[in-house]
Amino acid sequence: MTQQPINKEMFKIVGGNHDATEKLADKSVSFWKEVFLRFSHNKMAIFGLITLIIIILMAIFVPMFSQYKYSDQLGVFNSPPSADFWFGTDDLGRDIFVRIWAGARISLFIGITAAVIDLVIGVLWGSISGLAGGRVDNIMMRIADVLTAVPYLLVVIVLLVVLQPGLFPMIIALSITGWINMARIVRGEVLSIKNQEYVLAARTLGASTWHLILKHLIPNALGAILVTMTLTIPSAIFTESFLSYLGLGVPAPHASWGTMASDGNKAIASYPWRLIFPAIFISLTIFAFNAVGDGLRDALDPKLRK
Amino acid sequence: MIKYILKRLMYILLALFVIVTATFFLMRLAPGSPFASERNFPPQIEEKLNETYGLNNPWYIQYKDYLIDTASFNFGESMKYKARSTNDMINESFPVSLTLGIEAMLLAVGFGVLIGVVSALYHNKWPDYLATSIAVLGISVPSFILAGLMQYFLAYKAGWFPVSGWKGFGYSVLPALAIAFSHMGFIAKLTRSSMLEQNNSDYVKMARAKGIGKWTVVFRHTLRNALLPVVTYLGPLTAGVVTGSFIVENIFAIPGLGKHFVQSITNRDYTVIMGTTVFYSIILLFAVLIVDILYSFIDPRIKLKGAKN
């Protein structure tokens, strides 16, 4: 086989199509937009979100516009669900439908407030610990270690026995150990972000510590913080109903799902609806928050990027 | 290893000290004297009572006495029921709670792993959806609600199980299931995801390629590795079973320690609350330690050194 000599005439200029090579295959999507897109493809999470929105709206508006008040004793005792009383009435003749939504206000308020307090303390504690490093970090984390070793629910019970049951003692009791988890997660995030090159670059350019925290640390740790917070709320609601069940909840005549379930349980043989309705709403709310939290975690995970 | 255990023991002691101190001062802050409900005391008797319980001493002497008592496992006498000590109460009722708790843990781990394995093997087919729904239901429905509903439907309406009491194995099925259910869901979720992870690994593909049966691969290979996350969950599981027993024992009228604890809360029986809290704390702290040590035996990749993280 003879080889042809290669000469210049064999080559020609095709003409570079600069626009085609530089064209982006897809529109550039910002991080949060992508998170939103991924979240909206998750059926379970969307279902949870819609359920939550409905529950929150009902909790706001039903007690406002209902013909009964949650503490009204209507003289009809233990009535089964009917056209007048959609969910029936309890042993004092109070309308369970209104009490469910008044209870939703209390349960949601406790859950969200506890989560916000956890967030504030946890973020402060975790970021100070992670940023300071060295001995300060060591001491702060050892304190957290000892506190995690203390069984959570027992502390809460003892505290509520002493503080006397009520809305604010409940929130204090819930957040007294709740922040540790958040602090751990924030510290972990801060430690991993702190050593990235772009932070070093910002520092060499003379950025102040506050600038670093506000512009770099918080935006990057936001995802993990958001997920932890959404998952804290259902566990706070669960603990609240658990404690109400023990008789340490918000005192009468206020309604909370836990107290309603506890009362309903005593009368279950004759009036099952008094347990079933609070039971449905506690479970539905816990489920919805968990679904949204799981959905957020999956949506924020860059490893799942398509 | 020994260094690690010693270090953990030190943490446990510190945590216990925090608990004991906190309960002591909290109980002192609590409004009202323990004898407030019995009003018509002549002052001499009240004086005498305060003397027997050492309530006249300054707080640091009381605190010291309390520390010594606790260190020697003497949790004090009930202030409500005369001549009944917390120790008697624990001796009497703890075996009941222990039986129930072990049953619940076996149920949770056994069925949880089974459900997880089935849903991983039939990934995205109907057994998977069924198992996942059970798991989601278990995580969403609190144990005390489940207990009430099961008591109503399975015991009261259907009559398959005794409604309440503690007279044999049949009596323990529903309560154990109520405590175990939510943990079962969680364990199923854990097992499923780690099984799926293992199923993608080369050694499983190799085993399948050699023609080994599906279930043999599961038991000989996959499950052994997939179970590691489940072992880490044993610590929280113990805590969950203990706290779950508080309410479930009350609902099913089981004479266990959880029932006494809840009763002492309702009665504001401070010495019993303090004693039981400390007792529970000891059990939980050691359960977590044992699980951590167990973990290092099961997974040789984990070396227990002095340092955490």
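Residues are numbered from 1 along each chain as its sequence is written, and chains are lettered from A in the order in which they are written. Because the model is predicted, local features need pLDDT of at least 70 and side-chain atom pairs count only at pLDDT 80 or more, whereas totals for chains, interfaces and linings use all residues.

**View 1. Helices α4 and α7 of chain A cross at roughly 40°.** Helix α4(A) covers residues 96-132 and helix α7(A) covers residues 167-194, and their axes come within 5 Å. Helices here are DSSP runs of H or I with at least four residues, numbered from the N terminus, while axes are lines fitted to C-alpha atoms over the stretch in contact, with angles from 0 to 180 degrees between N-to-C directions. The two helices are therefore oblique to each other, given that angles under 35 degrees count as roughly parallel, over 145 as roughly antiparallel, 65 to 115 as roughly perpendicular and the rest as oblique. The crossing of α4(A) and α7(A) is right-handed, a term used when the near helix is turned clockwise from the far one by less than a right angle. Their contact holds 18 nonpolar, eight polar and four charged residues, where Ala, Val, Leu, Ile, Met, Phe, Trp, Tyr, Cys and Pro count as nonpolar, Asp, Glu, Lys and Arg as charged, and the others, Gly among them, as polar.

**View 2. Chain A meets chain B.** In this interface, 30 residues of chain A are in contact with 37 residues of chain B, contact meaning that the C-beta atoms of two residues, placed from the backbone, lie within 7 Å. On the side of chain A, the elements giving two or more residues are α5, α6, α9, α10 and α11, and by class this side has 24 nonpolar, five polar and one charged residues.

**View 3. Helix α6 of chain A is largely enclosed by the rest of the structure.** Of the 12 residues of α6(A), 11 are buried, which means that 20 or more other C-beta atoms lie within 10 Å of their own, whereas a residue with 12 or fewer is exposed and one in between is partly exposed. Among the buried residues are Tyr152(A), Leu153(A) and Val162(A), and the buried residues of α6(A) pack against α7 and α9 of chain A together with α1, α11, α12 and α13 of chain B. After the helix comes Gln164(A), whose phi is positive, near 70°.

**View 4. Helices α1 and α13 of chain B pack at an angle of about 165°.** The axes of α1(B), residues 2-29, and α13(B), residues 270-298, are 10 Å apart, and the two helices are therefore roughly antiparallel to each other. The contact includes Ile5(B), Ile12(B) and Met27(B) of α1(B), with Tyr270(B), Val278(B) and Ile293(B) among the residues of α13(B). By class, this contact has 14 nonpolar, three polar and one charged residues.

**View 5. Two loop residues of chain B, Asn124(B) and Ala253(B), are shown together.** Asn124(B), in the loop between α4 and α5 of chain B, has a positive phi near 60° and is exposed, with 8 other C-beta atoms within 10 Å. Ala253(B), in the loop between α11 and α12 of chain B, has a positive phi near 50° and is partly exposed, with 13 other C-beta atoms within 10 Å.
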